Amino acid sequence: GRIEGAVSGDIYDDQQIAIITNTGQLYMYGHNEWGGNEYNVLGTGDKHKLDQLTLMKLPEKIIKVDCWPNHTFLLSDEGTLYVTGMIGTLYSEFTAFNGGYGYTDFQSNYSATIFLKENDKIV
């Protein structure tokens, strides 16, 4: 489908797709599992695949998304870091992560993630 105002996004293989609009809305599509494990990487709160791009309900505008096979990170315009999937603990919906607030950027891959907080602290 076509998402009006799409400005950014991320994709993991052909498993998950995330699109951010110019109004900070997040749309996701794909599988909620990886390698036979139901990690709920789409943050829907259930284990079902999304067969079409679906608007995720979040309390803040999203400015960055990063999809991986077992987790998804989001950064809001308010500096909140959200996670869903398996990061030590299984999160079934997008949840404020590791204190959640005061983040300015992040970068992740399959095995590691770094976070930049206010005052240029790397966590």
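What follows is a short briefing on a sheet and the strands in it.

This is a predicted model, where local features need pLDDT of at least 70, side-chain atom pairs count only at pLDDT 80 or more, and totals for chains, interfaces and linings use all residues. Residues are numbered from 1 along each chain as its sequence is written, and side-chain values use heavy atoms, with hydrogens and water left out.

**The sheet**
- Four strands make an open sheet in the order β5-β6-β7-β8, paired antiparallel.
- The edges are β5 (62–67) and β8, each of which pairs on one side only.
- From one strand to the next, the twist averages 10 degrees (axes are lines fitted to C-alpha atoms, and angles run from 0 to 180 degrees between N-to-C directions).
- Strands here are DSSP runs of E, at least two residues, numbered from the N terminus, and two of them pair if DSSP finds at least two bridges between them.

**Strand β7 and β6**
- β7 (residues 81–87) is mostly covered, with five of its seven residues buried (under 20% relative accessible area, 1.4 Å probe, protein chains only).
- β6 (residues 71–76) runs antiparallel to β7, with five bridges between them.
- Along this pairing, H71 has G85 as its bridge partner, and L75 sits opposite L81.
- The two strands form a hairpin with four residues between them, and G79 in the turn has a positive phi of about 85 degrees.

**Strand β7 and β8**
- β8 (residues 89–96) is antiparallel to β7 too, joined by five bridges.
- G85 turns up again here, opposite Y91 in β8.
- This hairpin has one residue between the strands, and G88 takes a positive phi near 75 degrees.

Definitions and conventions: Buried means under 20% relative accessible area, exposed over 50%, partly exposed in between (1.4 Å probe, protein chains only).
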